[in-house]
Amino acid sequence: MGCIMNRCQTCNVLIMDDAEICPLCHCVVEADEAGTVSDRYPDVRLIGRKIELISRIILFLSIVVGACCVILDMRDRSGPWWSAAVVGALAYIQLIVFFMIENDHAGYRSKIIIGTACGIAYLIMVDYVFGFTRWSLNFAVPGALLATDLMIIVLMFVNMRSWQSYLLFQIFMTLCSGVCVLLYFAGVITVPAMSYIAFGCSLTMFLATFIIGGKRAGNELKRRFHV
């Protein structure tokens, strides 16, 4: 009967000591009697090289597709610059690949903020290219803010031990949705319903977290704003 060792079901590697947590993915390991000593930790550098190769292939294909679209668009100038929408979409894909996948050091909060901001900018650009009927400002931007609010709620339930760390994120979302309301009074946004809903949801979420959170929420704001 072989020596009893622990195996990580996620990484599929054998843990040679009595550790209960995988040092690679931090998942709980399980006992494994059939493993052999030849099973070792996977080559993390090899995985990184594969990801880098895939990202470079995506970059090359994006450049080729983008260039072809621009050339075709320049040959037929009877309509809007539809190639700008394609190139913008390809650029957003590159943002997802390089920043959100390859950049492990960036926190998920900054990834969410940058991803949402760039997505909103892309939608506004598409709206402008095809005549600027303001559907992006009236509906898409508040909708993206509402989706981000929902994501914050999910993350708070997933990370219950550090739920108070999302208060600053909630304040940021309240300010962003408040800007949409101000844009309506400035005449930039013409259909304010979605903006009011986004601002109301963001403000309600922040107040609920602050009031129900009690002392922990207050201490978190004091720590963040140094008061």
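Q: How many disulfides does the structure hold?
A: A disulfide is a pair of cysteine sulfur atoms within 2.5 Å. The structure holds zero of them.

Q: What should I know about the model and the numbering?
A: This is a predicted model, where local features need pLDDT of at least 70, side-chain atom pairs count only at pLDDT 80 or more, and totals for chains, interfaces and linings use all residues. Residues are numbered from 1 along each chain as its sequence is written, and side-chain values use heavy atoms, with hydrogens and water left out.

Q: Back to cysteines. How accessible are C118 and C201?
A: Start with the classes: buried means under 20% relative accessible area, exposed over 50%, and partly exposed in between (1.4 Å probe, protein chains only). C118 is partly exposed, because its relative accessible area is 31%. C201 is at 38% relative accessibility, so C201 is partly exposed.

Q: How many helices and strands does the protein have?
A: Helices (H or I, at least four residues) and strands (E, at least two) are DSSP runs, numbered from the N terminus. Here the protein has seven helices and three strands. Read along the sequence, the pattern is β-β-β-α-α-α-α-α-α-α.

Q: What share of the contacts joins residues 24 or more positions apart?
A: Contact means heavy atoms within 4.5 Å. Take the contacts with a separation of 6 or more: 56% of them join residues 24 or more positions apart.

Q: How do I read a nonpolar core?
A: In soluble globular proteins, nonpolar side chains tend to be buried together. A nonpolar core is a set of buried Ala, Val, Leu, Ile, Met, Phe, Trp, Tyr and Cys residues joined through side-chain atoms within 4.5 Å. The largest core here has 21 residues. V141, L145, I152, Y166 and F169 touch the most other members. At least two residues of this core come from each of α3 (108–129), α4 (135–158), α5 (167–185), α6 (193–213) and α7 (215–225). The largest share, seven residues, comes from α4.

Q: Which residues does L145 touch?
A: Set aside residues up to four places away in sequence. L145 then touches I120, M173, C176, S177, C180 and A198.

Q: Where is F139, and which residues is F139 in contact with?
A: F139 is in helix α4. F139 is partly exposed, because its relative accessible area is 44%. Beyond its neighbours within four places in sequence, F139 is in contact with V191 and M194. F139 and M194 are 55 residues apart along the chain, yet their C-alpha atoms are separated by 6.1 Å.

Q: Which residues form a nonpolar patch on the surface?
A: Patches are made of residues with over 30% relative accessible area and no salt bridge; like charges are joined within 9 Å, and nonpolar side chains (Val, Leu, Ile, Met, Phe, Trp, Tyr) within 5 Å. L53, I57, F60, L61 and V64 form such a patch, with about 470 Å² of accessible area together. L61 lies in helix α1 (residues 44–75). L61 counts as partly exposed because its relative accessibility is 47%.

Q: How many salt bridges are there?
A: Side chains of opposite charge can pair when their charged atoms come close. A salt bridge is a side-chain nitrogen of Lys or Arg within 4 Å of a carboxyl oxygen of Asp or Glu. The count comes to two. R223 pairs with E220 (3.0 Å, N to O). E220 also pairs with R224 (2.8 Å, N to O).

Q: Where does phi of F132 sit?
A: Phi of F132 is near 50°, a positive value in a residue other than glycine. F132 is in the loop between α3 and α4. R134 lies in the loop between α3 and α4, with phi near 75°.

Terms used
Areas by Shrake-Rupley, 256 points an atom, 1.4 Å probe, with all protein chains shown as cover.
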